[in-house]
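Welcome, and thank you for looking at this structure with me. Please have the sequence and the 3D view open, and we will walk through a few places together.

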Amino acid sequence: MALVPTMPTFKMRNGLELCRIINGMWQVSGAHGKIDPMKAQLEMNTYVQNGFTSFDMADIYGPAEEIFGNFIKSFEANKDLVQSMTKLVQVPNDISMALIRNQVVKSMSRMWVGRLDCLQLHWWDYTDKRYLDTLICLSQLQSEGLIRELSLTNFDTKRLAEITGAGVLISSNQVQYSLVDSRPRRMMKQFCEANGIKLVVYGTLCGGLLTDNYLKKHEPRGPNLHTASLVKYKRIIDDWGGWSLFQQLLQVLRTIADRYSVSIANIAIRSVLDDPVVGGVIVGCRLGRSQHIEDNYRSISKSWSLDEDDWAKINQVLAKSNDLLEKIGDCGSEYRAKGTF
């Protein structure tokens, strides 16, 4: 039997240990094509057997929590080998301990767990300050043992500082981070490092655009942007500098990848994982439709690493791009209406 390579891990504030490459389950929400739940569960087993044991989902990702829960039922004897992160996005209109507890228990029930490994709060509107009330409720539930790690998703540095200042101990913040979108380096990185907060990041492959599949390809438009991820990240690339500059970046990454006999995706992932503030990179899984287990392992291989010459070539291209912090705002601003930052 072939040996499974060792997956590196990182620890959160309260000891939860997660893989540095985390399986993203947004792709089962329905916005990336139809998913067969049974095939998805079988493929989750393949990921786990190959060392990819950490999964990220949300209460709004369609059947993601249920698919995870059904997988855990079938994996009962070994369920302690699997880690999960979910998100609280569907916050009730009225904030109370009873209602927040109900939402948390719903996720626990769907996921077939007695405690949430990690719960990440998302908040749409900063003018509604009840995110602090919600986090205080969640902190209480954490003290009762219902939540191990209390985290955030798509909060900016200003609000992260406000929450930390209110005495809420945050384990991680999930934000977009890639060679195209390096906003976390500008403000959030320093705050997180100073306060023991890890970044769990997504969008590192720009929905699949930052891969060999799009090298020397015409600019995708309309029906060629056939998933929610492609639509979203093509918009980010347009803001960043456009398709022509993006092709320059892909060509440089391909040259570097040839040096190490890896893929463009491997270079893109490693470039973000090498930032010490980053705990893990979420790579989306189209469970039951396609998988990239072998290629993902090359991203964390100890047989190669980016050196100063590689970064000099990358930075020559990045220097020509627009400032996304100035154009969009801090991390998560793309999800909020202008004027609410």
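Let us begin with N23, which lies in strand β3; helices (H or I, at least four residues) and strands (E, at least two) are DSSP runs, numbered from the N terminus. Before going further, please keep in mind that this is a predicted model, in which local features need pLDDT of at least 70 and side-chain atom pairs count only at pLDDT 80 or more, while totals for chains, interfaces and linings use all residues. Residues are numbered from 1 along each chain as its sequence is written, and side-chain values use heavy atoms, with hydrogens and water left out.

Is N23 buried or exposed? With a relative accessible area of 2%, N23 is buried; buried means under 20% relative accessible area, exposed over 50%, and partly exposed in between (1.4 Å probe, protein chains only). A polar atom of the N23 side chain lies 3.0 Å from the backbone oxygen of F52. Setting aside neighbours within four places in sequence, N23 is in contact (heavy atoms within 4.5 Å) with several residues, among them Y47, F52, D56 and C285.

Step along to I22, found in strand β3, which covers residues 21-24. I22 counts as buried because its relative accessibility is 1%. Not counting residues up to four places away in sequence, I22 touches residues including F10, D56, M85, V200 and I282. T9 is 13 residues from I22 along the chain, and the C-alpha atoms of the two are separated by 9.9 Å.

Side chains of opposite charge can pair when their charged atoms come close. The structure holds 21 salt bridges, each being a side-chain nitrogen of Lys or Arg within 4 Å of a carboxyl oxygen of Asp or Glu. D56 forms one of them with K87, where the closest N and O atoms are 2.6 Å apart. Because D56 lies in strand β4 (residues 54-56) and K87 in strand β5 (residues 83-88), this pair ties together parts that are 31 residues apart in sequence. D56 is buried, at 2% relative accessible area, and K87 is buried too, at 4%.

Now turn to helix α8 (residues 228-240), where K234 and D238 are four residues apart and so separated by about one helical turn. These two form a salt bridge, with their closest N and O atoms 2.8 Å apart. K234 counts as buried at 6% relative accessibility, whereas D238 counts as partly exposed at 38%. Both belong to a network of salt bridges that links E219, R221, K234 and D238.

What does R259 pair with? R259 forms a salt bridge with D307, the closest N and O atoms being 2.7 Å apart. R259 lies in helix α9 and D307 in the loop between α11 (293-299) and α12 (308-318), so parts that are 48 residues apart in sequence are tied together. R259 is partly exposed at 47%, as is D307 at 27%.

In soluble globular proteins, nonpolar side chains tend to be buried together. Leaving aside neighbours within four places in sequence, L249 is in contact with residues including L179, W240 and I314.

Note on methods:
A polar contact is a pair of N or O atoms within 3.5 Å; within protein, one must be able to donate a hydrogen and the other to accept it, and residues adjacent in sequence count only if both atoms are side-chain atoms.
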